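Subject: Handover of a structure and notes on what was found

Dear colleague,

Please find the structure below, handed over for your study.

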Amino acid sequence: MSANDALHIAVLAGDGIGPEVMAPALEVLRKIESKSDLKFRFTDAPAGANHYRETGKSMPDSTVRLCDEADAVLLGACGLPSVRYPDNTEIAPQIELRVHFDLYAGVRPARLVPGVPSPIVGADTRGIDLIVIRESTEGLFASMGKGVVTDSEARETLVITRKTSERLFEFSFRFAERRKARGKPGALACVDKANVFKAFAFFRGMFDEAAKRHPGVKADRMYVDACSALLVKRPWDFDVMVTENMFGDILSDLTAGLIGGMGMAPSADIGDRHAVFQPCHGTAPDIMGQGKANPTGMILSTAMMLDWLADKHGIEAAAEAAESIERAVDKVYAGGIKPMEFGGSNGTAEIAKAVIEAL
């Protein structure tokens, strides 16, 4: 694929504030289109709790086909607390897409943008720039919808397989190598609980095998409890972490809290052929329709998408566009933009307008 070909992007805006943060992200991409050789073709498709309430399905088969055919998927937040499956679990097409397309690598960056407050003393001068890579198809989440509940007990089963873990570690080491080539430390830590559970000892053993194939990456091993304690003391000591699904779910929210909040945190779920990009935050129905949502996580997710497309298709212009979006976000926050999320007065439209002007 060349930069002159239109990149086909499936757009699943979702529920709650999902459509509100998706709109400015698409405006950013249209601005990129006007300034570069890149071209985009956007196709909207339904998914989420509202669609389930109307049809009884979280997303139609046509949405799944679209995601299969598109070059990448942009996903807003999905799910509403008041709309549930019969077993009382939330509607979560984002999880269903991970399983359907085998998106085993959940990439959750946490970078402290200049001008954004962090609760960690010293972060403003030391900086935070780390990545949580979360296995996204098995672990404890493999039990989703399959748990057994009786009057006296409930059981869920954690699953770790060699096939998925080996691909996850190979992806993670390559990811660390790519960061090292860009001037970052390029260190990778396996985060687990191998001192207690056989499944995590199995997980760590495969990490050790992968480390031998990538001697240029500094490989560390950490227990998840120790990792959590260190993240809130010295987050600047971390570069890339790889972990099981549930641990990654928790740690990625923790690291988002270190960089200003969920509204600042982008993410990607990546497989061998497909990838979905979305902000880490939820649908926030309490602020829906009020113009208060922070679109930064969604905007930075588009930058992640462009960087992935650049790597996948060898499109240099896409990598440059990704960097330009990050620079624009840095510029507007350094210039004083402050979302309502952390006590400011700037809403969705103001933040989006500032980023687009900075581009």
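Lysine 193 counts as buried because its relative accessibility is 16%; buried means under 20% relative accessible area, exposed means over 50%, and partly exposed is in between (1.4 Å probe, protein chains only). This lysine 193 sits in the loop between β8 and α7; helices (H or I, at least four residues) and strands (E, at least two) are DSSP runs, numbered from the N terminus. Apart from its neighbours within four places in sequence, lysine 193 is in contact with Phe200, Tyr223, Val224, Asp225 and Phe247, where contact means heavy atoms within 4.5 Å.

The model is predicted, so local features need pLDDT of at least 70 and side-chain atom pairs count only at pLDDT 80 or more, while totals for chains, interfaces and linings use all residues. Residues are numbered from 1 along each chain as its sequence is written, and side-chain values use heavy atoms, with hydrogens and water left out.

The protein as a whole

The secondary structure of the protein comprises 12 helices and 12 strands. Its radius of gyration is 20 Å, close to the 21 Å that the globule rule gives for 359 residues, so the protein is as compact as a globular protein of that length. The radius is taken over C-alpha atoms, and the globule rule is 2.2 Å times the number of residues to the power 0.38. Along the principal axes, the C-alpha atoms fill a box of roughly 50 × 50 × 45 Å. Of the 359 residues, 54% are buried. Among contacts with a separation of 6 or more, 74% are between residues 24 or more positions apart.

The UniProt record, an unreviewed entry, places the feature "domain: Isopropylmalate dehydrogenase-like" at residues 8–355. UniProt positions are given in the numbering used here, feature names are shortened, and annotations may be inferred rather than shown by experiment. The span 8–355 is 43% helix and 17% strand, and its end C-alpha atoms lie 23 Å apart.

The largest nonpolar core has 95 residues, of which Leu38 and Tyr333 touch the most other members. A second, separate core of 16 residues includes Ala10, Ala45, Leu75 and Leu103. Here a nonpolar core is a set of buried Ala, Val, Leu, Ile, Met, Phe, Trp, Tyr and Cys residues joined through side-chain atoms within 4.5 Å.

Helix α7

Helix α7 (residues 198–213) has 16 residues and reaches 24 Å from its first C-alpha to its last, close to the 22 Å expected at 1.5 Å a residue. The expected span of a helix is 1.5 Å times one less than its number of residues. Within α7, Phe200, Phe203, Arg204, Met206, Phe207, Ala210 and Ala211 are buried. These residues cover an arc of only 160 degrees around the axis, which puts them on the same side of α7; the arc is that of the directions from the helix axis to the C-beta atoms. Lys198 and Lys212, on the other side of α7, are exposed. The elements that cover the buried residues of α7 include α6 (162–181), β8 (187–192), β9 (218–223), β10 (240–243) and α9 (245–258).

Threonine 302 lies in α10, which covers residues 296–313, and threonine 302 is buried, with a relative accessible area of 0%. Leaving aside neighbours within four places in sequence, threonine 302 is in contact with Ala25, Leu29, Leu74 and Ile325. Glycine 314, which follows α10, has a positive phi near 70 degrees.

Helix α11 (residues 316–334) has 19 residues that should span 27 Å at 1.5 Å a residue, and its end C-alpha atoms are 27 Å apart, which agrees. Buried residues of α11 include Ala317, Ser324, Ile325 and Tyr333. The buried residues of α11 pack against α1 (18–35), β4 (105–111), α10 and α12.

Two residues in loops

Asparagine 88 has a positive phi of about 75 degrees although it is not a glycine. Asparagine 88 is found in the loop between β3 (72–75) and α4 (93–100) and is exposed, with a relative accessible area of 52%. Alanine 284, also not a glycine, has a positive phi of about 45 degrees. Alanine 284 lies in the loop between β12 (275–279) and α10 and counts as partly exposed at 23% relative accessibility.

Yours sincerely,
A colleague
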